[in-house]
Amino acid sequence: MSNFTDQGALADKAFAEFEFGDGVMVTDTSGWEYMTPGHERTRKVYVETDSEDDGPSPRWVLTFTVRFDPETGALSEVYALDDKGQVWGTMPNECDDCGASAIAIIGCPSGKEVCQSCFEAGAV
């Protein structure tokens, strides 16, 4: 099985685990957009934030992006941007070595928590 076979599943998992921020509620999403072969998937995410008064909740359209390492197919970057280029939210896990967002973090004997790519490269 190719490393690239699971990109759809990895993108779905990254989206499910992504933390858009306190008071941010996802109301809808588009399907994934990508090119084949490709190392990036994007989707539109429609969110609402808590209202500060009695008016309607503010609404935003974000572009959610998942990037994969071209050589290994591993998840390398996950982020959401609004139309002004502002970053929204974060992945709950971040590699201590490379700083990349990761779905899975591996605990090392040294106490580091690293992504699969850094672990395979010898980060312990």
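Which residue takes a positive phi in the hairpin of β3 and β4? I looked this up in the predicted model and found G73, with a phi near 80°. Six residues lie between the two strands of that hairpin.

**Entry 1. Overall layout**

I recorded two helices and seven strands in the protein. Along the sequence I read the pattern α-β-β-β-β-β-β-β-α. The C-alpha trace spans about 55 × 35 × 20 Å along its principal axes. Of the 124 residues, 31% count as buried. I also noted that, among contacts between residues at least 6 apart in sequence, 37% join residues at least 24 apart.

**Entry 2. The sheet**

I traced an open sheet of five strands in the order β1-β2-β3-β4-β5, with antiparallel pairing. Its edge strands are β1 and β5, each of which pairs on one side only. I then followed the pairings across the sheet. Strand β2 (residues 40-49) pairs with β3 (residues 59-68) over nine bridges, and T42 has T65 as its bridge partner in β3. T65 in turn has Y79 as its bridge partner in β4. Six bridges join β3 to β4 (residues 75-81), again in the antiparallel sense. Two bridges join β4 to β5, where A80 stands opposite W88.

**Entry 3. Helix α1**

I asked which residues of α1 (residues 7-17) are buried. They are Q7, A11, A14 and F15. These residues lie on the same side of α1 because they cover an arc of only 100° around the axis. The face turned away from that buried side carries the exposed residues A9 and A16. I looked next at what covers the buried residues of α1, and the cover includes β1 (24-29), β2, β3 and β4.

**Entry 4. R43**

I placed R43 in strand β2. Which side chain of opposite charge is nearest to R43? It is D12, at 4.5 Å. R43 is buried and has no salt bridge, because a salt bridge requires the nitrogen and carboxyl oxygen to be within 4 Å. The side chain of R43 does reach the backbone oxygen of S30, at 3.0 Å. Leaving aside neighbours within four places in sequence, I listed the contacts of R43 as D12, F15, T29, S30, G31, W32, L62, T63 and F64. One of these, F15, is also among the buried residues of α1.

**Entry 5. Salt bridges**

A search of the whole structure gave me five salt bridges. Within helix α1, K13 and E17 lie four residues apart, about one turn of the helix. Their closest N and O atoms are 2.7 Å apart. K13 is partly exposed, with a relative accessible area of 41%, and E17 is partly exposed at 25%.

E40 and R67 meet in a salt bridge at 2.5 Å, N to O. This pair links distant parts of the chain, E40 in β2 and R67 in β3, 27 residues apart. I noted both as partly exposed, E40 at 34% relative accessibility and R67 at 30%. E40 and R67 also belong, with E77, to a network of salt bridges.

D97 forms a salt bridge with K112, with 3.0 Å between the closest N and O atoms. I located D97 in the loop between β5 and β6 (106-107) and K112 in the loop between β6 and β7 (113-114), 15 residues apart. D97 is partly exposed, with a relative accessible area of 38%, and K112 is partly exposed at 31%.

Definitions and conventions. Residues are numbered from 1 along each chain as its sequence is written. This is a predicted model: local features need pLDDT of at least 70, side-chain atom pairs count only at pLDDT 80 or more; totals for chains, interfaces and linings use all residues. Side-chain values use heavy atoms; hydrogens and water are left out. Buried means under 20% relative accessible area, exposed over 50%, partly exposed in between (1.4 Å probe, protein chains only). Lys and Arg count as positive and Asp and Glu as negative; His and the chain ends are not counted. A polar contact is a pair of N or O atoms within 3.5 Å; within protein, one must be able to donate a hydrogen and the other to accept it, and residues adjacent in sequence count only if both atoms are side-chain atoms. Contact means heavy atoms within 4.5 Å. Two strands pair if DSSP finds at least two bridges between them. The arc is that of the directions from the helix axis to the C-beta atoms.
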